[in-house]
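Hi,

Here is the structure I promised to pass on.

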Amino acid sequence: MQTAKDLKEYRAELREALDNEFLRQAMDKFAVAYRGSRAKAFAGMDLKGLIADVAQAKDGAAQRMDELLSEFTAKAEAAGVKVHVARTALEANEIIAAIAKENGVKKIVKSKSMTAEEIHLNDHLEGQGYEVTETDLGEWIIQLRHEGPTHMVMPAIHLSRYQVADLFSEVTQQKQEVDIEKLVKVARRELRPKYVEADMGISGANVAVAETGSLGMITNEGNGRLVTTLPRVHVALVGLDKLTATLRDALRIIRVLPRNATGQAISSYVTWIKGCVECAPAPGGKKVHHIVFLDNGRRALARDPLFSQVLRCVRCGACANVCPVYRLVGGHKYGHIYIGAIGLILTYFFHGRDKAKNLVQNCINCGSCKDVCAAGIDLPLLIKEIHARIQDEEGHPVPSTLLAKVLKNRKLFHTLLRSAKLAQKPLASGGFIRHLPMIFSKEQNFRALPAIAPKAFRDLWPRIRPEVKGARLKVALFSGCVQDFVYPEQSVAAVNVVAGRGAALDFPMEQSCCGLPVMMMGEMAAARDVAQQNISALDPAKYDYILTLCASCASHLKHGYQKLLGNDPSWAVRAKQFADKVIDFSSFARDVLKLAPEDFRPGGGTATYHAPCHLCRGLGVIEAPRDLLRIAGVEYKPAEEEDVCCGFGGTFSIKFPELSAELLAKKLANAEATGAGTLVTDCPGCVMQLRGGLERKGSPMRVRHMAEILAQQIK
Amino acid sequence: MSESQPLSRLFEEKAKAVSAVVSTVTSLEQALAHAVDLCDKKDACQILVSGCELPLSATGEALCETKQQKILAAPGLEPKLFAKLKELAAERGILCIDTGMRQRLGGVDIAFTVADFGIAETGTLVFDSNSEEQRLATMIAEFHLAVLPVSKIREKSFDLEEELLALLQKSPSYTAFVTGASRTADIERVLALGVHGPLELHILLLED
Ligand code: SF4
Ligand code: SF4
């Protein structure tokens with residue numbers, strides 16, 4: 001739940017969450033275990049194909065929402081069901097309370113439903129005097145604790161067995177042992193009478209199949225079956241996004257959802273209900289059955305060209321399972337009702353800007369969520385877009401407006417960077433500096449920050465530009481700000497590796513920052529502007545490749561620009577041509593230059609690798625850098641969790657230094673555990689973070705960009 | 001038959017992976033004997049339902065006391081088979097019922113059912129559960145013992161699409177996929193079986 005008024009309060013809450021030892025350990029264990037069980041569950045299956053099937057089925061359903069609703073309603077009503085459509089949360093609550101009243105209900109049992117959480121149904125019903133009991137174990141626990149869920153599938157994942165034992169001791173007025181098996185049995189016995197006494201059962205649904213008029217429910221505990229069987233009244237609350245055209249589409253979803261959620265091939269129960277089934281205590285022996293479809297903005301979402309994809313979500317929770325920020329702070333701080341990446345987005349639409357405004361800033365843009373999403377939703381993009389919208393609605397903060405202004409004017413930006421070099425002079429020592437001029441904060445102390453280089457790469461270029469005769473390839477080098485102004489030696493190393501291998505390098509001087517930082521800050525207009533400048537500067541028609549050593553730039557140039565300019569008729573074609581030519585350094589060295597072991601000297605020492613988010617997920621480049629290490633005569637020692645974010649995330653590390661520091665600490669511990677001498681990576685941002693962290697720790701481990709390692713080993 | 005052979009093996013493998021107990025029978029009569037045996041051997045010295053030995057609230061306790069004897073529920077079984085089962089059960093002092101589940105909500109020992117279909121890929125049983133007695137029995141029983149004719153096994157859920165559509169199109173209809181026992185991992189992600197429904201699922205593959 002979000003209660004923080006501003007970013008400052010939110011950060012204080014985050015610090016509190018970071019101090020929760022149990023939560024941290026539980027989340028770490030979960031993150032690691034989840035990855036393994038998910039991989040196992042999908043082994044041998046065409047995962048991309050399955051995800052595409054779900055996306056297609058859900059997109060089709062969203063486009064035909066009203067049509068499917070009528071089809072479903074006709075079928076269900078023919079089977080005796082009363083179907084309602086609630087436009088708002090309040091309407092849904094009132095409809096359900098009215099059904100309870102009309103049927104003389106006193107006690108209600110519920111099975112788990114995120115949609116019911118979305119509209120705060122329990123509060124409404126309890127306010128009207130009904131006794132409501134959650135029967136899903138996790139939901140019951142948090143209901144007893146008067147809390148919201150911290151995970152969409154495992155709502156009580158933040159609690160320990162000790163806390164549950166204390167809670168159950170209170171509920172039963174008997175001392176309970178701290179033994180999970182026994183606690184589960186206590187719940188079994190305590191909840192059973194609740195079903196027996198209840199007059200009404202409330203459930204959700206995972207799918208509503210239009211062609212048959214049936215609801216499909218996916219559960220593990222089996223409480224859903226009791227909730228829909230024992231009481232004489234059954235109300236199902238179903239988001240309009242749960243409609244699917246056919247049984248086949250529903251089966252497709254069921255094939256992916258449990259595997260992606262918990263690594264189970266299927267949940268223990270899948271229950272299909274249509275119409276008023278046999279129910280002894282109900283009038284005429286037939287269940288009183290109502291279905292309440294909830295709109296609450298879903299119909300409008302279905303018509304939105306960008307955001308309609310959120311309706312694909314099947315609520316598997318995977319986007320939280322893999323999120324490094326969720327892993328650090330847990331669901332109460334990384335969501336409001338809905339949790340994880342999708343939660344950040346849904347919070348804005350269902351619970352408002354106030355609840356969403358801090359949350360959306362806390363995404364480090366690592367792309368892990370998008371990578372595992374059961375429905376292929378571009379979650380990081382949508383989160384950034386909402387961040388931008390909130391700024392447009394509430395006003396842009398000063399630093400973000402300033403940066404946007406500066407970036408739009410390349411010359412001004414570069415002049416400022418050069419003068420930053422002068423301002424820092426007295427502080428610089430050994431290439432590290434405590435405070436870059438823009439970061440006057442003690443909180444940045446968890447890593448040493450580098451100095452601006454004495455000479456930017458663009459100033460070195462005229463001198464080092466290699467003369468290539470009879471080149472077979474024309475390659476434009478895009479350096480990105482960090483390699484231009486902070487680590488020009490990395491670009492120089494790349495020039496040395498490429499020179500003399502048949503590629504003519506060019507460094508167009510009009511290039512500027514790729515624009516990712518302003519996009520991260522929600523400055524979409526400036527992001528578009530800079531994208532256009534760069535496409536003009538590096539005219540795609542002139543080059544065979546646009547090479548960059550920065551993974552973040554590469555992924556932004558390749559995918560981000562098309563998203564920013566793809567709908568603009570005057571830019572779409574060139575943005576696509578541009579994207580097609582962008583290549584990262586490791587892929588270029590391995591696949592284009594075709595570097596081979598003969599090109600390198602032996603004895604490159606030992607190295608481990610950090611896979612930058614924007615390389616491994618952003619560009620899908622996984623093997624190339626590891627292959628290159630071996631090709632270059634370096635002994636590669638794999639580290640744990642190589643593909644987990646290092647915590648840099650550009651402006652993220654400035655806004656949330658304590659989270660950045662934690663992510664970095666984990667990353668370095670894993671790297672150091674390999675005993676390798678060098679930590680290699682493919683992104684200058686990651687180099688900055690990793691090197692700064694190791695320096696602060698006084699570690700002997702060195703950090704090198706891939707280009708530097710290759711330059712050092714090449715014959 | 002030659003085709004269903006590997007499917008039944010795949011089914012067995014997948015069902016066991018979710019802790020179902022799988023064995024093979026050659027006739028329904030053999031399955032009945034198995035059911036009575038299982039009921040007889042189950043917690044030989046105790047008729048208490050699971051969880052009732054723990055410290056509970058007064059309402060929790062009250063429901064425990066409703067069960068006084070070993071009970072085998074077999075709703076929906078053909079009358080002749082049911083009579084046979086009843087006879088076998090009586091020999092061991094077990095009460096055999098096919099109706100009145102609402103009077104037994106404290107729990108019964110075994111629910112004996114015949115599944116309509118099986119899905120090999122996930123080890124899933126499919127039941128037409130329109131009958132309330134059937135639905136309840138398979139939830140309140142501590143062990144669910146289901147017979148699955150091997151000829152009814154398909155590889156994937158998609159291969160059952162037509163049959164499922166026929167089930168779902170009935171009006172009204174309640175159809176259940178059951179895979180393994182009732183489970184939860186809601187406390188510290190530790191797997192525990194039998195949170196609301198059966199603690200164990202036993203499957204008898206019937207070679208028909
Ligand atoms: S991009 Fe990374 S940090 Fe952001 S929500 Fe997704 S997983 Fe979390
Ligand atoms: S957004 Fe994707 S990963 Fe997240 S809950 Fe929805 S379907 Fe699952």
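Below is what I found, starting with the ground rules.

This is a predicted model, in which local features need pLDDT of at least 70 and side-chain atom pairs count only at pLDDT 80 or more, while totals for chains, interfaces and linings use all residues. Residues are numbered from 1 along each chain as its sequence is written, chains are lettered from A and ligands numbered from 1 in the order in which they are written, and side-chain values use heavy atoms, with hydrogens and water left out.

On to the two chains. The contact (heavy atoms within 4.5 Å) draws 78 residues from chain A and 65 residues from chain B. Together they bury about 6,200 Å², with carbon and sulfur atoms giving 57% of that; buried area is the accessible area (1.4 Å probe) that two parts lose on being put together, summed over both. In chain A, Arg188(A), Arg189(A) and Arg225(A) lose the most area to chain B, together 13% of what that side buries.

There are 3 salt bridges between chain A and chain B, counting a side-chain nitrogen of Lys or Arg within 4 Å of a carboxyl oxygen of Asp or Glu. Arg248(A) makes a salt bridge with Glu161(B), their closest N and O atoms being 2.6 Å apart.

Then there's the ligand. Around ligand 1 sit 14 residues (each with a heavy atom within 4 Å of it), and the closest are Cys323(A), Cys363(A), Cys366(A), Gly367(A) and Cys369(A).

Cheers
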